[in-house]
Amino acid sequence: MKTTIHDSPSSRLHAVPPGHPEHAGRYEAAREALLGLPGCDWVEAPAGGMPDVARFHTAEHVDRVLSACAAARPGDWVGLDPDTLVCDRSAAAALGAVGGAVAAVDRVVADAGGAAFVLARPPGHHAEPDRAMGFCLFNTIAIAALHALDVHDLATVAIVDIDVHHGNGTQCLAERDDRVFFASLHQAPLYPGTGGEGETGLNGNVLNCPMPGGVTGAQWRARFETQVIPALQRVRPELVLVSAGFDAHADDPVGGWGLHSDDYAWAARQLAGIAREFSQSRLVSVLEGGYDCPALGRSAAAFVGALSEA
């Protein structure tokens with residue numbers, strides 16, 4: 001599958017206090033690993049615009065983020081919540097992630113197929129329409145989904161979240177828009193405490209697969225294969241979107257699961273198969289979590305490499 005990496009160098013602008021797990025080294029580790037892959041095209045992500053962000057977020061939320069960044073003195077931070085801090089240039093980084101995701105959707109639609117991976121930070125899947133949380137400022141994947149639906153007039157999109165944490169912000173989109181199918185495999189109990197099996201959205205357009213700590217790659221694959229894949233086959237999405245978090249890796253300090261890079265390669269092949277069957281081979285993935293830098297690099301490279309070979 002032709003694969004393009006949408007690289008957002010503005011990711012480096014989002015500075016966080018020393019010791020914070022969501023630091024610029026994550027971007028550098030993933031970028032270095034992806035540069036070693038053969039056969040991928042690279043493009044620089046443009047900055048997203050306010051109309052893109054406003055498709056999902058309230059004006060009050062956008063103003064709160066921009067005002068906090070404007071108020072941050074150079075070398076200092078403003079907290080939006082205890083975990084989510086911004087510096088004076090954080091908004092530029094978040095808008096780079098948004099612009100990369102929107103451009104990736106445009107590219108796979110214009111090219112009538114192909115995979116895209118948005119290499120950007122901060123992550124986005126916890127950001128709700130009216131608040132930042134969990135390291136996330138703007139919900140990149142939700143904005144990408146609405147861009148595909150509203151600008152390209154697609155009938156339905158599927159979002160699959162493989163981060164170890166539940167994508168509560170993204171679920172908010174599915175709960176108000178039945179053109180979106182959302183599936184999440186996540187550890188529970190774990191932050192943010194959402195994503196129970198009883199949360200099924202609008203007429204079943206949300207599939208939550210919570211599992212306890214200690215899950216192995218084989219157990220994760222079995223849940224993916226028996227629940228997520230059949231659901232995607234029923235939905236028949238015109239575009240597959242992936243919240244590609246890699247913090248379910250066995251080496252990650254934030255989660256408590258035992259996945260390895262080959263599990264992410266397996267998932268990429270499964271999702272590529274769905275995209276090929278139902279979505280004209282259109283698949284866009286966006287980097288979410290992953291907080292052990294070596295494991296993040298290996299996992300991202302395995303995932304994107306498998307897409308390029310699919």
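Which strands does helix H4 (residues 90–110) lie across, and at what angle does helix H4 run to E5? Some notes on that and a few other spots follow.

1. **Ground rules.** This is a predicted model, where local features need pLDDT of at least 70, side-chain atom pairs count only at pLDDT 80 or more, and totals for chains, interfaces and linings use all residues. Residues are numbered from 1 along each chain as its sequence is written, and side-chain values use heavy atoms, with hydrogens and water left out.

2. **The sheet.** Eight strands make an open sheet with parallel pairing, in the order E2-E1-E5-E10-E9-E6-E7-E8. Strands here are DSSP E runs of at least two residues, helices are H or I runs of at least four, and both are numbered from the N terminus; two strands pair if DSSP finds at least two bridges between them. At the edges are strand E2 (41–44) and strand E8 (206–211), each with a single partner strand, so one side of each has no neighbour in the sheet. On average, neighbouring strands are turned by 15° against each other, direction ignored.

3. **Helices on the sheet.** Back to the opening question: H4 lies across E1, E2, E5, E9 and E10, and runs at about 175° to E5. Angles run from 0 to 180 degrees between N-to-C directions, with axes fitted as lines to C-alpha atoms, for helices over the stretch in contact. H1 packs on the sheet too, touching E1, E2, strand E5 (114–119) and strand E10 (282–287), and its direction makes about 145° with that of E5. Contact means heavy atoms within 4.5 Å.

4. **Around Ile159.** Strand E6 (residues 157–161) pairs with strand E9 (residues 240–244) in the parallel sense over four bridges, and with E7 in the parallel sense over five bridges. Ile159 has Leu241 as its bridge partner in E9 and Phe182 as its bridge partner in E7.

5. **Covered elements.** Strand E7 (residues 180–187) is largely enclosed by the rest of the structure, because eight of its eight residues are buried. Buried means under 20% relative accessible area, exposed over 50%, and partly exposed in between (1.4 Å probe, protein chains only). Val180, Phe182, Ser184 and His186 are on one side of E7, with Phe181, Ala183, Leu185 and Gln187 on the other. In helix H5 (residues 140–150), 10 of the 11 residues are buried, including Ile141, His147 and Leu149.

6. **Two loop residues.** Ser10 sits in the loop between strand E1 (3–7) and helix H1 (24–35), and counts as buried at 19% relative accessibility. Its side chain makes a polar contact of 2.9 Å with that of Ser8. A polar contact is a pair of N or O atoms within 3.5 Å; within protein, one must be able to donate a hydrogen and the other to accept it, and residues adjacent in sequence count only if both atoms are side-chain atoms. Glu22 lies in the loop between E1 and H1 and is buried, with a relative accessible area of 1%. The Glu22 side chain has polar contacts with the side chains of Arg26 at 2.6 Å and Arg121 at 2.8 Å.

7. **A helix pair.** Helix H7 (residues 217–235) and helix H8 (residues 261–278) pack at about 10°, with axes 11 Å apart. Among the residues that meet are Trp220 and Phe224 in H7, and Trp266 and Leu271 in H8.
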